[in-house]
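Dear colleague,

I am handing over the structure we spoke about, and my notes follow directly after it. Please read them with the model open.

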Amino acid sequence: MVCAPGLAQPKPIELAIAADPTGPVIDRHIFGQFAEHLGTGIYGGVWVGRDSPIPNVRGIRTDVVTALRALKVPNVRWPGGCFADEYHWRDGIGPADRRRIQINGNWGGVPEPNAFGTHEFMDFAEQIGAEAFISVNIGSGTAAEAAQWLEYMTAEQDTTLARERAANGRAAPWKVPILGLGNENWGCGGSMSAGHYVEEMKRFASFIRNFHPAQRETGRMKRIAVGWDSDRLDYTEEVMKAWQSRVYSWDIEGVSLHKYTTGGWPPRLPATGFGHDEYAIALTDALTMETLLARQSAIMDRYDPGKKLAIAVDEWGVWLAPNPGSNPGFLQQQNSLRDGIVAALNLNIFARHADRVKIANVAQMINVLQAMILTDGGRMVLTPTYHVFRMYVPFQDAQLMPVRFAAGRYGEGAHALPRIDAMAARDKSGQVWLAVVNIDPEAGTSLTVPGYRTAAGEVLTAPRVDSINSFAMPAAVAPRPLRAGGSGPTLTLVVPARSVAVVKLSP
């Protein structure tokens, strides 16, 4: 049993788990990552170059690869984001010294050397064991350009583009399991009306083809259309209306949703040094993901009652005020225990909507927004959000089990929040896993779980909600073992204040 500050116990809460799983499978792709050419997310975070003194394999830093492999990352979305709708793939292939150097007008106004292009990204994805989620340029690109990029990546037959790929070092074709048809085209992707985007999207979907032999039937590429961001309903409505009346020449498999936890726009919540009020503001905002998914699902249900199309929450996370003294266009922010709790709440919400939500990508993987990893030269630190993702690995492709509990109430000023949130699932081996988030920053929670006798796993907590991992103290917020038992057929599980717990249950 973990002993931690804040274990004053209110009345125990009974948490009942359905005896047999009846829910949908929690698709492993909801644990996806996002890597955009933004700040030091790519350069310094992933790519250091082949001649760097920082240990690397073909220019990709080894410590980052090792850390990400532990997360069993299912997919990585690349090259953006806003950057994707200014990205021209030919700028990032061929000899490095001949690649175009341009200005990254979206993020910081700094030179973009295109040293990290298609080959480097696919190498990175293979090194960490992830699949590629490629976002094509609808905003400033053409359908022909996007179609040629897919042929370059996936063609097995002897075509001009396949020969060019081989000449650049890759003879075998790559798989592209997920394709994003643009990004935020209502904003940075071209300021298009919903109707105009739909016409562009249909054209791109008609001409972009995946030629990989293993993806022609059962392994077909999933094409994701742009949906809405927080309160924009028109894109989802127009995309679904078009899909329902589509002709044979085009199709899609999903619609995106973007939602950041900001506490207001522009983002102004501090990443460190905050108290319970700003903690409650962030968590209140994060929990609106449940409402947004319900609203988008309701729109999609009208056109697609059979739930053939997925929701892809391909940008989500905490967006805070940038680190003092940093380039504001680099979106650098620290990552606290609060952010780890926000991550767990979102993952629980995605699991509860697993009948529709099949893909999600936290923004972003390294050094940007709600990062898994922070780097500084040769140094690396794992964030609380990283630890939550690693703790949640058992839920990948597990079957959701309905849970019933009284969440209680935690209040802070004008904010009323549930005290706890929970999710359970059975993995493919038959093992039952339980995740519990204790939102209350002061009081621990005692849970009774009928039908189970023991629990073993980990808990992530820290002395304060704004506790962080730094290069000086890299393990200030780190998981610790958590074990529990009980008398008779009922388990008693004590979860500390301000914590995330994931345990394996045994009857």
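The side chain of Ser52 places a polar atom 3.0 Å from the backbone nitrogen of Ile54, a polar contact in the sense of a pair of N or O atoms within 3.5 Å, where one must be able to donate a hydrogen and the other to accept it, and where residues adjacent in sequence count only if both atoms are side-chain atoms. This is a predicted model, in which local features need pLDDT of at least 70 and side-chain atom pairs count only at pLDDT 80 or more, whereas totals for chains, interfaces and linings use all residues. Residues are numbered from 1 along each chain as its sequence is written, and side-chain values use heavy atoms, with hydrogens and water left out.

Ser52 sits in the loop between β3 (32-34) and β4 (56-57); helices (H or I, at least four residues) and strands (E, at least two) are DSSP runs, numbered from the N terminus. Ser52 is buried, because its relative accessible area is 18% and buried means under 20% (exposed is over 50%, partly exposed in between, with a 1.4 Å probe and protein chains only).

The side chain of Asp440 comes to 2.9 Å from the backbone nitrogen of Glu442. Leaving aside residues up to four places away in sequence, Asp440 touches Tyr410, Arg419, Ala497 and Arg498, contact meaning heavy atoms within 4.5 Å. The C-alpha atoms of Asp440 and Ala497 are 5.7 Å apart, although 57 residues separate the two along the chain.
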